[in-house]
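Subject: The model you asked about

Hi,

Here is the structure I said I'd pass on. Have a look at it first, and then read my notes below.

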Amino acid sequence: MHGYRGGTGQIPALAGLTGLVLITGVAFYGLIGFSGQVADPATLRDPYFYGILWFSLKQAALSAGLAVLFGYPVARALYYLPGLWFRRAFLALCLLCFVLPTLVLITGLVLLLGHSGRLSPLLGPDWNLYGLQGILLAHVFLNLPFVVRALYLQLLQIPDTAWRLALLLKLPALTRWQLVEWPMVRGRLLVLAGFVFVLCFNSFAVVLALGGGPQATTLELAIYQALKYDFNLPEALTLAWVQFTIAGTLFALLGRLGGGSWLVLEQGGSQVPVPGRWGGLWHGGVYLLCALFLLLPLLVLLPVLAHIPASLRLLPLLQALWNSLLLALACAVPATLLAWLVLWPQRLAQLQGRHRRRQLLEWLSTHALTAPAMVLSVGWYVFALPRLRLEHWGPVLVVLLNLALTLPFAVQQLRPRLLQFDAQYAPLCAGLKLAWQERLTLEWRWLGGSLRAAFALALLLAMGDVAVFALFGDKDWTTLPWLIYRYASTYRMQEAALASLLLLGVCGLLVWVLDRERAHA
Amino acid sequence: MLEVSQVRIAREDWALDYDFQLESGAILTLQGRSGAGKTTLLMLLAGFETPDRGDIRWQGRSLLPLAVAQRPVSMLFQDHNLFEHVSVWRNLGLGMGRQRTAAWEQALRDGAEALGIETLLARMPATLSGGQRQRVALLRTLLRPEPLVLLDEPFAELDPQTHALAGQWVRDTARAAGKTVLLVTHHAQDVALGDRNQVLGD
């Protein structure tokens, strides 16, 4: 159909898109070196560079491999045992763990497995949480839930007719797996491993807290150290370019293979074969172990409530929480509105059958995903340093960059629902000659839960930011994740645990809203 | 007068040609086998499809440069005529703007009574049967101010008794308001509703 025309409604949408491109554009302006600072290729000949590059790739590959290896059996358990206890709560926990501010987990891991951790005596005298093993543990904790959800949803795509036929033909379990299950998941496994690899390659807070030193430094951390400790701008720029080239290329490749959906609703799976006694025990055991693995680092924070130190000052905690909420709100409100706005020209292009234009607009609205937070921040840092007083403009830049980084997620939340609206109602809307206010009311009522879910997701992601704040933050006004880092790095674990609990509570509430609104969408 | 002159629409593996005129205030019934181009003709008139050549004129003015929202057309689709997330009453008033007068509201209530849906106005579309939804959409399509009415299989989900009732209501309402109607149907009995019948694809 080609009868749809844009009109003036396109102008704010295209202005929003231009603003978004400007945010990344300015970052690259800074990265390219127009601000007087240029990358130093000599860095690439330094053995130190190869050391951190190798470690970055190694930890990301191992994290991705382990997350997929352990995630697959858990997804199978959820699929084959639909009657599992607390299944819905477990899926919500998976969602919480994936979007959990990293420093909450770090505090939990340190209390559990650190030098005086509750479980450390069981792991022998050689155990050390800091270094590769700690980084892997944290990365698996953060990404395993994503793999579980995505694979579980993939398994739900198996048509009931395939299972019916397999059962009628009395196929043994192994043949059923080869014929029905494996073809459905094998392609997804590779894509998921790739996504987790990129996430871990770009991970900052985990390596900042559990890594460090020549043996356990990644590119992200090295960029931060070059900027904040050595003030070596050319080295930071070189490393940022390497980071962007690798992460951007991988992300573009993965984008072509198709994204991993992990936030859609459950459906299907009514004809799944019931596992035998041993199969049931295996699935139940795997489920229980995974639940323990995810719950322990969070539950270990709870006892701190019983021993709140008398010296604890609540004011900094509440001030940091207030700052976090304020920054996150300032980012999530425009991110949600902008996501809705920038989808407008994409939807029009879809209706007009202009697929290349739609793909280009789609890429433009989510292109910030290809640039790691640290790379964007470094670009802006170099750009802003000679032009702005960072201690004054810091909060604005934190909001701006987080807006660019969370917007793609809000876009992904709203896009399917809006495309569904158009598929069903675009001819009707055009035929009824609706006034724009009427159209807006109808559309926002239709979006309902999706809009609130997009907002909650943007809020969650912005609340957990560490990478952007690390560059533009100020010791006089700190966010809750950064306060946790400061407490943990000075071994004030009681305070760190209490701050983590507070942040966990807020995030848990947001995940509950997100989960509920998605169900109502 | 509606003039469809030498209109051709072609896609990869098919092409359709139309050439006819229809006097203002007349009712044209359209018949033909599936794929003969009945719905495509209505989509061309409404502006959802663009012809490769030819012209479509209404009262001497070409409709082709006009966007869907600018055309003097009210259309009933085969499906998705109601927004599922707002009430029937709200659906009926959509797009009426300032024309939502007391007279229009009275006409709406009279029409609802004639079509047997007067008790459904406060309900949500999801709670209605297929036939009830079709009558709600029919009511809105006929009572809109546009002079050219396009109905794509408007009685497909109605039982024989309601079908006859709705058919008569469409004819009477269109006549009273002087509307020009193109009505796609698979039922031979609907031919009697129109002033002319055209079988496409012959």
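What percentage of the 202 residues of chain B count as buried? The figure is 40%, where buried stands for 20 or more other C-beta atoms within 10 Å of a residue's own, exposed for 12 or fewer, and partly exposed for anything in between, with C-beta atoms placed from the backbone.

Some housekeeping before the rest. This is a predicted model, in which local features need pLDDT of at least 70 and side-chain atom pairs count only at pLDDT 80 or more, while totals for chains, interfaces and linings use all residues. Residues are numbered from 1 along each chain as its sequence is written, and chains are lettered from A and ligands numbered from 1 in the order in which they are written.

Chain B

Chain B has 9 strands and 5 helices (DSSP runs numbered from the N terminus: E of at least two residues for strands, H or I of at least four for helices). Along the sequence they come as β-β-β-α-β-β-β-α-α-α-β-α-β-β. The C-alpha atoms of chain B fill a box of roughly 45 × 35 × 30 Å along the principal axes. Its radius of gyration is 17 Å, which agrees with the value near 17 Å for a compact globule of 202 residues (taken over C-alpha atoms, the rule being 2.2 Å times the number of residues to the power 0.38).

B:Gln6, in strand β1 (residues 2-11), has a positive phi near 50°, and B:Gln6 is exposed, with 11 other C-beta atoms within 10 Å. B:Glu153 sits in the loop between β7 (148-152) and α5 (160-177). Phi of B:Glu153 is also positive, near 50°, and this residue is partly exposed, with 19 other C-beta atoms within 10 Å. For background, most residues other than glycine have a negative phi.

Where the chains meet

The contact takes 18 residues from chain B and 18 residues from chain A (contact: C-beta atoms, placed from the backbone, within 7 Å). On the chain B side, these divide into 10 nonpolar, 7 polar and 1 charged (nonpolar: Ala, Val, Leu, Ile, Met, Phe, Trp, Tyr, Cys and Pro; charged: Asp, Glu, Lys and Arg; polar: the others, Gly among them).

A helix pair in chain A

In α12(A) and α13(A), the residues that meet include A:Val342 and A:Pro345 from α12(A), and A:Arg357 and A:Leu361 from α13(A). The residues of this contact divide into 4 nonpolar, 3 polar and 3 charged.

Cheers

Conventions:
Two residues are in contact if their C-beta atoms, placed from the backbone, lie within 7 Å.
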